[in-house]
Amino acid sequence: MFDWKWDFTWEILPRLVYATGNTLIAAGAGYVIAVVLGLMLALAQRTPSRALTFTVREFVEFIRSTPLILQIFFVFYVGPQFGVRLSPWMSGMIAIGLHYACYLSEVYRGGIESVPKGQWEAAIALNMTTAQKYRRVIIPQAIPPALAGMGNYLVGIFKDTPMLSVIGVAELIHTANAIGSENYRFLEPYTMVGIIFLAISLPAAGLIRLFEGYVRRKLGL
Amino acid sequence: MLDKTGFPLEMTGEDTPMVSFRKVRKSYGALTVLDDLDLDVSAGEMVSIIGPSGSGKTTVLRMLMTLERINGGVIYVDGKPLSHMPKGGQLVPANERHLRSRRADIGMCFQHFNLFPHMTALENCMEGPVQVLGLSKAEARDRSEELLEMVGMISKKDQHPSRLSGGQQQRVAIARALAMRPKVMLFDEVTSALDPEVIGEVTNVIRQLVSEHNLTMLMVTHQMGFARDISDRVCFFYGGRIEEQGPPAELFGNPQRERTQQFLSAVREAV
Ligand SMILES: Nc1ncnc2c1ncn2[C@@H]1O[C@H](COP(=O)(O)OP(=O)(O)OP(=O)(O)O)[C@@H](O)[C@H]1O
Ligand SMILES: [Mg+2]
């Protein structure tokens, strides 16, 4: 079958597994940044300050309309000119986290806007502070409708980690390239990378749906 | 002491009303919804607000709950300005901090209950006392359970709102508002979204409040019989003004104004 070499496959597997770990760490760390920063970006667009709202909205639009790879290059290669010298890993996490934060902020925004007006009014009638309104009433109800979108972007960030190979982060594609050029064989490493991505993405999508149902039940929605 | 526009910085004296609207005006853009509203409600009084759709009834309650800003006049609660705050001897529009300090006197129940769907009945009641009043969980639980008992909902205390009927949700909402120990309670058509057969369970709770508690209450309702039964006074709103007001026996039995007569006979025909 296309001259597929099983012994070579087994030989490179440990390196690929190791790179899978790196990929998952990159996706996970990037996602954590995106989840937290995204919420901050969404909330910043709801402050009474027009200037802040405008600036944040324009920033989000800017990030969403430029390629992720450009943002990765920017942080890594242009950052040092401003005195920000970061490792490939750090640059990658920041760029990918920021990129997805902007997408997630829109998901959160939709979730927050889906909470009925009456919930805000009930919170006011209980004399809650703004922070209490968001923390206790609005965000718990905004998250369930946002979960599907959040899940999609979790898979999305995972599939975008190969972009980090361009600045030398040793994730799956970077490792497969290295293996390929050392051994002049690309069939096995690339095929294996494809299988690994598939093997993680597919169950993840299912797990996210299960989790969504669990959260809804847990919140009594 | 008077503000330069003639409003007192504070109302004092024996007969200071619990709630006082002074020349209150509310408009949405070019539409004036309430015009120069003057309305005093004494401590412990139950005032019903009736009137045709769009006459501004809900708006009166929403302004008092600080859900709406007013465009003119001043609202006082317990003698102190609510919509405004004193600053350099003048009354200026209230900021959020002032509103938070004064809003604690007021509680409200809504037509569509607005319970928090992610919390059980008990958690809904405990939320305000714990988060806003800073009570311990144990204290808040005791207080909430007592109130849920009173509204007949203790057996459902661990249910989420989605598992409760409209009448049950509304009773929980009343308990939730009472758990904050407000001086003034506002009810905006709390039975309008209910099936006819469960209206009684909610009105009975309000009856009980009237007879056993010394709360000041304002109630917007379309149930004329209920308003007649339990109110100390009924205000008939028409076109953003109080067209006529008085004790229920007089207003329902012998209305003076033509519009009141028309409204009441239209309502009677509809029944
Ligand atoms: N947010 C708003 N924007 C514009 N107009 C509004 C708004 N809220 C209320 N109004 C208008 O203000 C007027 C009074 O409304 P309000 O809700 O107080 O009437 P209501 O007496 O409670 O009527 P109903 O019996 O139908 O509940 C209506 O003409 C309404 O259309
Ligand atoms: Mg109304």
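Predicted model: local features only at pLDDT ≥ 70, side-chain atom pairs only at ≥ 80, totals over all residues.
The interface between the two chains was examined at the level of residues and of area. In chain A, 20 residues are in contact with 25 residues of chain B. The size of an interface is often given as the accessible area lost when the parts come together. For chain A and chain B this area is about 2000 Å², with 56% of it on carbon and sulfur atoms. On the side of chain A, the three residues A:Leu126, A:Asn127 and A:Arg136 supply 31% of the area buried against chain B, more than any other three residues.

Two salt bridges are counted between chain A and chain B, and eight residue pairs are in polar contact, both residues of each pair being at pLDDT 80 or more. Helix H5 (117–125) and helix H6 (130–160) of chain A each supply at least two residues of the side that touches chain B. The largest share of that side, seven residues, comes from H5(A). A salt bridge joins the side chains of A:Glu121 and B:Arg62, with an N to O distance of 2.8 Å.

B:Asn114 counts as buried because its relative accessible area is 11%, under the 20% limit. When neighbours within four places in sequence are left aside, B:Asn114 is in contact with A:Gly118, A:Gln119 and A:Ala122, and with B:Arg176. A polar atom of the B:Asn114 side chain lies 3.1 Å from the backbone oxygen of A:Gly118.

Within chain B, the domain assignment gives domain 1 (1–105 + 184–271) and domain 2 (113–181). Taken over C-alpha atoms, the centres of these two domains of chain B are separated by 25 Å. Their contact takes 15 residues from domain 1 and 13 residues from domain 2. The area buried between the two domains of chain B is about 1100 Å², and carbon and sulfur atoms give 74% of it. In domain 1, the residues that lose the most area to domain 2 are B:Met185, B:Glu201 and B:Val205, which together account for 36% of what that side buries.

One salt bridge is found across the interface of domain 1 and domain 2 of chain B. B:Glu201 forms a salt bridge with B:Arg171, and the closest N and O atoms of this pair are 2.9 Å apart. Strand E9 (184–188) and helix H6 (196–212) of chain B each supply at least two residues of the side of domain 1 that touches domain 2. H6(B) gives the largest share of that side, seven residues.

Residues up to four places away in sequence not being counted, B:Leu186 touches B:Leu61, B:Leu64, B:Met65, B:Ile106, B:Gly107, B:Met108, B:Cys109 and B:Leu218.

Methods
Residues numbered from 1 in each chain as written. Chains lettered and ligands numbered in written order. Heavy atoms only, no water. Contact = heavy atoms within 4.5 Å. Buried area = accessible area lost by both parts, 1.4 Å probe. Salt bridge = Lys/Arg side-chain N within 4 Å of Asp/Glu carboxyl O. Polar contact = N/O pair within 3.5 Å; in protein donor to acceptor, adjacent residues only side chain to side chain. Helix = DSSP H or I, 4+ residues; strand = E, 2+ residues; numbered from the N terminus. Domains from an automatic or database assignment. Buried < 20%, exposed > 50% of the residue type's maximum accessible area, 1.4 Å probe, protein only.
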